[in-house]
Amino acid sequence: MAKRKDNNNDDLITLVDDKGNETLYQILFTFQPDDSDKGYILLVPADAEPGEQVDVTAFAFHPDEDGSAKEAELFEIEDDDEWEMVENMLDTFLNDPNMQ
């Protein structure tokens, strides 16, 4: 589990791990499937250079009333079906120029 720490920039998120270590990420995108009460957030390291190959980090969250991840705790995705859905959404995002 990670906790979000507020930043002044809506595109950035600081995650604090269980040991108190902070890491800054850029929000790639969030989504919430119509048939789910969970949302998903995909992140990349904030210090990544354009065009650099990076690992995408994904978490599940329970959205606030407006559907955002603000002030929410982020949870690791442990279900294989959820991972497959997130990977499919990421593939769509990366391969569809209209989504970027």
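This is a predicted model: local features need pLDDT of at least 70, side-chain atom pairs count only at pLDDT 80 or more; totals for chains, interfaces and linings use all residues.
Reader: Why is Asp 64 called partly exposed?
Author: Asp 64 has a relative accessible area of 30%. Residues are numbered from 1 along each chain as its sequence is written, and side-chain values use heavy atoms, with hydrogens and water left out.

Reader: Where is Asp 64 found?
Author: In the loop between S5 and strand S6 (73-75). Helices (H or I, at least four residues) and strands (E, at least two) are DSSP runs numbered from the N terminus. The protein has 1 helix and 6 strands, in the order β-β-β-β-β-β-α along the sequence. As for distances, Asp 64 and Gly 39 sit 25 residues apart in sequence, with 9.7 Å between their C-alpha atoms.

Reader: Is Lys 38 buried or partly exposed, and how do you know that?
Author: Its relative accessibility is 25%. That isn't under the buried limit, so Lys 38 counts as partly exposed. Lys 38 belongs to the loop between S3 and S4.

Reader: What is Lys 38 in contact with, leaving aside its neighbours within four places in sequence?
Author: Contact means heavy atoms within 4.5 Å. Lys 38 has such contacts with Gln 32, Pro 33, Ala 60, Phe 61, His 62, Pro 63 and Glu 82. Take His 62: it is 24 residues from Lys 38 in sequence, yet the two are 5.0 Å apart in space, C-alpha to C-alpha.

Reader: What makes Glu 82 buried?
Author: Glu 82 has 14% relative accessibility, and that is below the limit, so it counts as buried. You'll find Glu 82 in helix H1. Leaving aside neighbours within four places in sequence, Glu 82 touches Lys 38, Tyr 40 and Ile 77.

Reader: Which residues make up the largest nonpolar core?
Author: There are 10: Phe 29, Phe 31, Tyr 40, Leu 42, Ala 58, Ala 60, Ile 77, Val 86, Leu 90 and Phe 93. Strand S3 (22-31), strand S4 (39-45), strand S5 (57-61) and helix H1 (80-95) each give at least two residues, and H1 gives the most, 3. Another core of 9 residues lies apart from it, with Ile 41, Phe 59, Phe 61 and Leu 74 among them.

Reader: How many residues line the largest pocket, and of what kinds are they?
Author: The lining has 15 residues, and those nearest the pocket's centre are Leu 28, Val 44, Ala 48, Glu 52 and Val 54. On a 1 Å grid over the protein atoms alone, a pocket is an open set of points where a 1.4 Å probe fits, with protein on both sides within 12 Å along at least five of seven lines; lining residues have an atom within 4 Å of a point. The lining splits into 10 nonpolar, 3 polar and 2 charged residues. Here Ala, Val, Leu, Ile, Met, Phe, Trp, Tyr, Cys and Pro count as nonpolar, Asp, Glu, Lys and Arg as charged, and the others, Gly among them, as polar. H1 supplies the largest share of the lining, 3 residues.

Definitions and conventions. A nonpolar core is a set of buried Ala, Val, Leu, Ile, Met, Phe, Trp, Tyr and Cys residues joined through side-chain atoms within 4.5 Å. Buried means under 20% relative accessible area, exposed over 50%, partly exposed in between (1.4 Å probe, protein chains only).
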